[in-house]
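Here is a briefing on the structure shown below.

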Amino acid sequence: MVAIIDYGAGNIFSVKNALDRLGAESLLTSDKKDIESADSIILPGVGAFPAAMKMLEESGLKDVIITQAKRKPFLGICLGMQLLFEKSFEFEEYDGLGLLKGYVDMIPEKELVIPHMGWNKLEYLNASPLLDGLGEDEYVYFVHSYKAFCPDSEICAYSEYGSRVPALVSDGKTVFGCQFHPEKSGETGLKILKNFAALAK
Amino acid sequence: MLAKRIIPCLDVRDGKVVKGVNFKGIKEVGDPVEYAYEYDRQGADEIVFYDITASHEGRGVILDVVSKTAKKVFVPLTVGGGISTVDDIRNTLRAGADKVSVNSQAVKDPQLIKDGADIFGSQCICVGIDAKKTAEDKWTVFINGGRIDMGIDLIEWVKRVEQLGAGEICLNSIDTDGVRGGFDIPMLKAVCSAVKIPVIASGGAGKLGDFADAFLKTDCSAALAASLFHFNELTIDEVKKDCRSKGIRVR
């Protein structure tokens, strides 16, 4: 069972729709017990960093996530990926979950169209089980104005937009994050989600 | 490098596709879910449903279509037409849309853009604009499907729209729409240089090379077409092949 954390942010149904399509059992939940008993966890989210962190803090989910993400496969998507880092500078400096090293800040290139919206190509850096079966010419769908600044050792795949945009990050163990939306990235995204769901088995 | 997007738009009335041929493999003629699935298969980068249902009661029907499509199609889905309140935006996103496109109502009530962006995030607020040339390098904004001239300067309006928090602009030229002579290059150029948010070119695609032309001559991020794809005169795959052969990056 994949627990999809529902904390009032984002189009969480699309993540569930994608897992349904893959035949992976999932549950939309904000209940700590469900998160603790799940085989793996997905943290979705769109919106602003401070607001999302405040919701996780106030609901008491922050501590549960930090504990559980070290015990079983955990995937943050879009804002959910950004929340994995130590802090963000979106609107104000705000602490994240600290599961990955690095911080989140605005895409720095002033000449670019912002948000980084659309399909961009994955460039591979470090091996990851989530990239199993992907080819050389894989595109995924991004929508974001802030990006992660983190060590290369955490980057499994990136896309070029002015400079490197960390696309798939990981601690090399149980924690994964996608800046793009795998649930909206066609067959490529479904493969990545399938690889993630398979980790729990 | 970010790929240029090719976006088919489906006009939907009372839950049925208004015009279009019967694609091979489509079970029920006029079923938007089947059309969206076919476009996804052809390589569409996003799908737009434009709801032209006249009655307010009809809104429930498009939401049902959106929810069914979102279970079958795993590329971004935008819904436009008839969205006039924050509740409309919320209901449309809840049904499974990734973005909404607001047009006439945003001109009448610009606060809708700000409220939508503040509550749901800029990424899901696309502002649709119908504009027409009035003088050299001068365009004004129209509403109600291009019927009413609001006398608002296009460039001032796109800057305002960006400031209010829109994530994207879908720019439709009334002058080129339906003429099939290509997208409105001067208008697109002017808008792309006025804002930093992505601009979708709309209105005027009539042949294969028109898409590449818009991408080569302007900084638009995407190009949208309706009837060209509905009537199967061109497939999305053919358009992408043409773009690729001209050095334009597409998925």
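Ile169(B) touches Val127(B), Ile129(B), Val158(B), Val161(B), Val191(B), Val195(B), Ile197(B), Val199(B) and Ile200(B), leaving out residues up to four places away in sequence. It is among the residues with the most contacts inside the largest nonpolar core, together with Leu171(B), Ile200(B) and Ala223(B). That core has 151 residues. The model is predicted.

**Confidence**

- The predictor assigns the complex an ipTM of 0.92 and a pTM of 0.94.
- Chain B has a mean pLDDT of 92. In chain B, 94% of residues reach 70 or more.
- Where pLDDT is low, the predicted coordinates should not be read in detail.

**Contact between chains A and B**

- Chain A gives 26 residues to the contact, and chain B gives 23 residues.
- On the side of chain A that touches chain B, the elements giving two or more residues are α1 (12-22), β8 (116-121), β10 (139-144), β12 (155-161) and α6 (186-199) of chain A.
- β8(A) supplies the largest share of that side, six residues.
- By type, the residues on this side of chain A are 13 nonpolar, nine polar and four charged.

**Met117(A)**

- Met117(A) sits in strand β8 of chain A.
- Is Met117(A) buried or exposed? Met117(A) counts as buried, because it has 26 C-beta neighbours inside 10 Å.
- Within chain A, the contacts of Met117(A) include Phe142(A) and Val143(A), leaving aside neighbours within four places in sequence.
- Tyr103(A) is 14 residues from Met117(A) in sequence. The C-alpha to C-alpha separation of Met117(A) and Tyr103(A) is 21 Å.

**Eight-stranded sheet of chain A**

- Eight strands of chain A form an open sheet in the order β2-β1-β3-β4-β14-β13-β12-β9, with mixed pairing.
- Its edge strands are β2 (26-29) and β9 (123-124) of chain A, and each pairs on one side only.
- β1 (residues 2-5) and β3 (residues 40-43) of chain A are parallel and share three bridges.
- Which residues of β3(A) are the bridge partners of Ala3(A) and Ile4(A)? Ala3(A) has Ile41(A) as its partner, and Ile4(A) has Ile42(A).
- β3(A) also pairs with β4(A), again in the parallel sense and over three bridges. Here the bridge partner of Ile42(A) is Leu75(A) in β4(A).
- In a regular strand the side chains alternate between the two faces of the sheet. In β3(A), Ser40(A) and Ile42(A) point one way, while Ile41(A) and Leu43(A) point the other way. All of these are buried.

**Helices across that sheet**

- Helix α4 (residues 61-69) of chain A lies across β1, β3, β4 (74-77) and β14 (175-178) of chain A. α4(A) runs at about 130 degrees to β3(A).
- α6(A) lies across β1, β3, β4 and β14 of chain A, at about 140 degrees to β3(A).
- α6(A) also gives residues to the side of chain A that touches chain B.

**Four-stranded sheet of chain A**

- Another open sheet has the order β6-β5-β7-β11 (chain A), with mixed pairing.
- The edge strands are β6 (94-95) and β11 (146-149) of chain A, each pairing on one side only.
- β7 (residues 103-106) of chain A and β11(A) are antiparallel and share four bridges. Val104(A) stands opposite Ala148(A) in β11(A).

**A hairpin in chain B**

- β7 (residues 138-143) and β8 (residues 148-153) of chain B pair in the antiparallel sense over four bridges.
- Ile143(B) has Ile148(B) in β8(B) as its bridge partner.
- Four residues lie between the strands of this hairpin, and Asn144(B) takes a positive phi near 55 degrees.

**Backbone exceptions**

- Most residues other than glycine have a negative phi, and most peptide bonds are trans.
- The peptide bond from Ile114(A) to Pro115(A) is cis, with omega near 5 degrees. Pro115(A) is in the loop between β7 and β8 of chain A.
- Asp14(B) has a positive phi of about 50 degrees. Asp14(B) lies in the loop between β1 (5-13) and β2 (16-17) of chain B. Asp14(B) is partly exposed, with 14 other C-beta atoms within 10 Å.
- Arg180(B) has a positive phi of about 65 degrees. Arg180(B) is placed in the loop between β9 (168-173) and α7 (185-194) of chain B. Arg180(B) counts as partly exposed, with 16 C-beta neighbours inside 10 Å.

Note on methods
Residues are numbered from 1 along each chain as its sequence is written. Chains are lettered from A and ligands numbered from 1 in the order in which they are written. This is a predicted model: local features need pLDDT of at least 70, side-chain atom pairs count only at pLDDT 80 or more; totals for chains, interfaces and linings use all residues. Two residues are in contact if their C-beta atoms, placed from the backbone, lie within 7 Å. Ala, Val, Leu, Ile, Met, Phe, Trp, Tyr, Cys and Pro count as nonpolar, Asp, Glu, Lys and Arg as charged, and the others, Gly among them, as polar. Two strands pair if DSSP finds at least two bridges between them. Axes are lines fitted to C-alpha atoms, for helices over the stretch in contact, and angles run from 0 to 180 degrees between N-to-C directions. A nonpolar core is a set of buried Ala, Val, Leu, Ile, Met, Phe, Trp, Tyr and Cys residues joined through C-beta atoms within 7 Å. A residue is buried if 20 or more other C-beta atoms lie within 10 Å of its own, exposed if 12 or fewer, and partly exposed in between; C-beta atoms are placed from the backbone. pLDDT is the predictor's confidence in each residue, from 0 to 100.
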